[in-house]
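Here is a walk through one protein model, from its overall form down to single residues. Keep the structure in view while reading.

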Amino acid sequence: MENQQQVIHGLYATYTNLSCRCDLCRASAAEYMRSYRKTNSGKVNARRSQALANERGKLAIQWMKDNNPSEWEEIVKKAHELVKKEKQQ
Ligand SMILES: [Zn+2]
């Protein structure tokens, strides 16, 4: 193709606009988000996103308990085993 633009990796714009997920572009996006979360609106939005994620997690747990109680017990048992293993190390 003659009109093909040259892709410049390592830019936040390449990550967002072209959806490139190479190491350079991912690092650039991570750095951008790190800086963004230090701004006032970034802090507010990060707090909001975390609160939403927590709410989603609670809903998912309640759904598992209500609809798949035996599987939920398995998950809890495995989680306890993991914690026990971590403490032994
Ligand atoms: Zn890239």
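Start with burial: a residue is buried if 20 or more other C-beta atoms lie within 10 Å of its own, exposed if 12 or fewer, and partly exposed in between, with C-beta atoms placed from the backbone. Alanine 27 is partly exposed, because 14 other C-beta atoms lie within 10 Å. Its place is in helix H2.

Two points on reading the model. It is predicted, so local features need pLDDT of at least 70 and side-chain atom pairs count only at pLDDT 80 or more, while totals for chains, interfaces and linings use all residues. Numbering runs from 1 along each chain as its sequence is written.

Now the overall form. The protein has four helices and zero strands. Helices here are DSSP runs of H or I with at least four residues, strands are runs of E with at least two, and numbering starts from the N terminus. In sequence order the pattern reads α-α-α-α. The radius of gyration is 21 Å, well over the 12 Å that the globule rule gives for 89 residues, so the protein is more spread out than a compact globule. That radius is taken over C-alpha atoms, and the rule is 2.2 Å times the number of residues to the power 0.38. Along its principal axes, the C-alpha trace spans about 60 × 35 × 35 Å. Buried residues make up 3% of the 89 residues.

Valine 7 sits in the segment before H1. Valine 7 counts as exposed because it has 11 C-beta neighbours inside 10 Å. What does valine 7 touch, not counting residues up to four places away in sequence? The answer is Thr14, Leu18 and Cys20. Contact here means that the C-beta atoms of two residues, placed from the backbone, lie within 7 Å.

Serine 19 lies in the loop between helix H1 (12-17) and helix H2 (23-36). Its phi is near 55 degrees, a positive value in a residue other than glycine. Serine 19 counts as exposed, because it has 8 C-beta neighbours inside 10 Å.

Then comes H3, residues 40-67. This helix has 28 residues and reaches 41 Å from first C-alpha to last, close to the 40 Å expected at 1.5 Å a residue. The expected span is 1.5 Å times one less than the number of residues. The number of buried residues in H3 is zero, so the helix lies largely in the open.

H4 has 20 residues and reaches 29 Å between its first and last C-alpha atoms, close to the expected 28 Å. Zero of its 20 residues are buried, so H4 also lies largely in the open. Glutamine 88 belongs to this helix, which covers residues 69-88. Why does glutamine 88 count as exposed? Because it has 6 C-beta neighbours inside 10 Å. The C-alpha atoms of glutamine 88 and glutamine 62 are separated by 30 Å, at 26 residues apart along the chain.
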